[in-house]
Amino acid sequence: MARTATRRTVLLTAALSLLAAACQTEDGDGDGDGRSPFTGERGAGEKVLAVKIDNVRAARPHTGLDKADIVYIEQVEAGLTRILAILASELPESLGPVRSARESDLELLRQFGTPALAYSGVQSKLRPLVEAAPLIPLPPGELTDGYVRDPSRSAPHNLYLRPDRAVRAASGASAPSDIGFRFGPAPSGGRETGEHTVRFPAASFTFDWSASEKRWLVSMDGSPARTNGSDRLGAATVVVQYVTVRPSDYGDRSGSITPYTETVGSGRALVLRDGREYEAEWSRPSANAGTTFTDTEGRRLPFARGPVWVALAPVD
């Protein structure tokens, strides 16, 4: 009897261990299973590199953006948008065009530890804040061999980063870690959705579900978004995170006030995955904390494995 009880105990312990391992893999937060905490896929990378990307029509098509793990869409002056690309698992040969950073980037990037940030520059009043932020700044003046100009394009839409050189220069950059994302099978519920458009005051993004490619295909201002190699941009998961966008203390040369996008707090979100749309809530209690996404019943909402696009959309 004692031997039988011991055998049952061993089998039960093994079963619980397997179940725990399976749950950890489904969560896909990158801890201990070799998966990226940013995409839920194998291969996390060694350092976090953030790059500020131009997004006016003259800056398109983009180069290397299809290699980003996470793409944040942010509102800037005049209701236009720029992109903050987060790379770690894969580095393109070239990425851009690169443009200047904004105050909102500093708060958004705190959840990544001490990332490297590549950008074309900042206005003089903002420079002390960038230098004091927990990141490794890599403008052209700090990384002289890391940028090139494309003579076939007009300035300022022709500055491109060499990501491998940026990563080598950022010796103290943080490794990818949990920022709140979870990955796993599609949850129940949601609404079947083939298309969703996110509108900013002077820009729009449309995400069309492709069942054959199992991803959302991106369009910008009504035109299909492609890379310089003609590949269509897309994401396994799209998050529409509704946030407060308010005036900051800074402005551009034309007199337009720079908006500040608040990413600490909580609010409503939509999560698009597998051709369905899920109502969600986002929460980020402090700048050092990650951002969690939960369903209407408070359960963590898993993303589909692959690149994630996050549209930081202004609250209606």
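Mentor: Strands here are DSSP runs of E, at least two residues long, numbered from the N terminus. The model is predicted. In it, strand 18 covers residues 276–284 and gives the most to the lining of the second largest pocket, with three residues.

Trainee: What makes a residue part of the lining of the second largest pocket?

Mentor: A lining residue has an atom within 4 Å of a point of the pocket. By that test 15 residues line the second largest pocket, and those nearest its centre are Pro187, Ser188, Tyr278, Asp295 and Arg299. The volume of this pocket is about 260 Å³.

Trainee: What is the volume of the largest pocket, and which residues are closest to its centre?

Mentor: The largest pocket holds about 400 Å³ of space. It has 17 lining residues, with Ser100, Arg102, Gln123, Asp252 and Arg253 closest to the centre. Strand 15, residues 245–251, gives the most to this lining, namely three residues. The whole lining has six charged, seven polar and four nonpolar residues.

Trainee: Why is a space called a cavity and not a pocket?

Mentor: In a cavity a 1.4 Å probe fits but cannot get out, whereas a pocket is an open set, so escape of the probe decides the name. Two cavities of 30 Å³ or more are counted in this model.

Trainee: Which residues line the largest cavity, and how do their classes divide?

Mentor: The lining consists of Tyr72, Leu108, Gln111, Phe181, Gln241, Thr263, Arg284, Thr291, Phe293 and Val310. It divides into five nonpolar, four polar and one charged. Arg284 is the charged one, because Arg is in the charged class.

Trainee: Which strands each supply at least two residues of the lining of the second largest cavity?

Mentor: They are strand 2 (70–75) and strand 16 (257–261). The lining is made of Lys52, Glu74, Gln75, Val76, Arg102, Ser104, Pro259 and Thr261. Glu74 and Gln75 fall in the range of strand 2, while Pro259 and Thr261 fall in that of strand 16.

Trainee: What makes three of these residues charged?

Mentor: Lys52, Glu74 and Arg102 are charged because Lys, Glu and Arg are in that class. The lining also has three polar and two nonpolar residues.

Conventions:
Residues are numbered from 1 along each chain as its sequence is written. This is a predicted model: local features need pLDDT of at least 70, side-chain atom pairs count only at pLDDT 80 or more; totals for chains, interfaces and linings use all residues. Side-chain values use heavy atoms; hydrogens and water are left out. On a 1 Å grid over the protein atoms alone, a cavity is a set of points where a 1.4 Å probe fits but cannot get out, and a pocket is an open set with protein on both sides within 12 Å along at least five of seven lines; lining residues have an atom within 4 Å of a point. Grid points are joined across faces, edges and corners, and a volume is the space filled by probe spheres set on the points. Helices (H or I, at least four residues) and strands (E, at least two) are DSSP runs, numbered from the N terminus.
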